[in-house]
Amino acid sequence: MINYKEKLHNIKAFVFDFDGVMTDGSVWTTYQGDTIRAGNVKDGFAIQYAVKKGYTIAIISGAKSLSIELRMKAVGVTQCYTGCSNKIEVYRNFLSQNNLTSEQVICMGDDIPDYQMMLHCGVAACPADAATEIKSISQYISHFKGGQGCVRDIIEQTLRLQGNWFDAKDECHEALTW
């Protein structure tokens with residue numbers, strides 16, 4: 001079996017689930033019915049950095065929330081698919097619309113709704129606290145839990161390996177403004 005790091009050379013895109021990957025899975029609901037989620041700013045920085053470096057990033061989530069779309073827009077992600085009951089169908093459309101092959105994509109998910117999508121990508125990755133079924137199909141299990149840096153972990157590994165991570169002369173490492 002090929003080591004997942006060898007596959008990182010081919011990666012051009014990242015697909016992430018939201019709750020349980022970008023967040024720890026906790027969702028608070030206000031009296032007005034709004035949902036509140038907590039994410040990791042280091043994940044946010046890595047996402048916007050990858051976007052500035054030309055990588056395609058998408059969110060494919062079963063959750064439907066304006067807060068997800070606004071957060072992703074703030075870090076430069078324009079392909080945010082929420083309310084997805086059939087993630088593999090959305091994933092296949094994402095590949096087609098972006099002229100990508102499965103081998104060019106990392107999918108990071110944490111639970112059973114992500115299973116089929118993760119079976120059909122170049123590198124399947126998950127947070128340390130992912131469901132057992134997801135861990136069993138992942139080529140990479142981050143040392144970080146969902147919402148605690150797992151997104152930054154896989155993005156940074158990929159960009160470092162491809163020679164696209166931090167360079168002191170690069171202007172892509174500006175602070176996020178949201």
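Me: Why is Lys-87 called buried in this predicted model?
Reply: Lys-87 has a relative accessible area of 5%. Buried means under 20%, so Lys-87 counts as buried.

Me: What makes Asp-17 and Lys-87 a salt bridge?
Reply: Their closest N and O atoms are 3.0 Å apart. The cut-off is a Lys or Arg side-chain nitrogen within 4 Å of an Asp or Glu carboxyl oxygen, so the pair qualifies. Asp-17 lies in the loop between β1 and β2, and Lys-87 in helix α4, so the contact ties together parts 70 residues apart in sequence.

Me: Is Asp-17 buried or exposed?
Reply: Buried, because its relative accessibility is 6%, and the limit is under 20%. Asp-17 and Lys-87 also belong to a network of salt bridges with Asp-114.

Me: Why is Lys-64 called exposed?
Reply: Lys-64 has 64% relative accessibility. Lys-64 forms a salt bridge with Glu-69, with the closest N and O atoms 3.7 Å apart. Glu-69 is partly exposed at 28%.

Me: How do you know that Glu-156 and Arg-152 form a salt bridge?
Reply: Their closest N and O atoms are 2.9 Å apart. The limit is within 4 Å, so the pair counts. Both residues lie in helix α7, 4 residues apart, about one turn of the helix.

Key:
Residues are numbered from 1 along each chain as its sequence is written. This is a predicted model: local features need pLDDT of at least 70, side-chain atom pairs count only at pLDDT 80 or more; totals for chains, interfaces and linings use all residues. Side-chain values use heavy atoms; hydrogens and water are left out. Helices (H or I, at least four residues) and strands (E, at least two) are DSSP runs, numbered from the N terminus. Buried means under 20% relative accessible area, exposed over 50%, partly exposed in between (1.4 Å probe, protein chains only).
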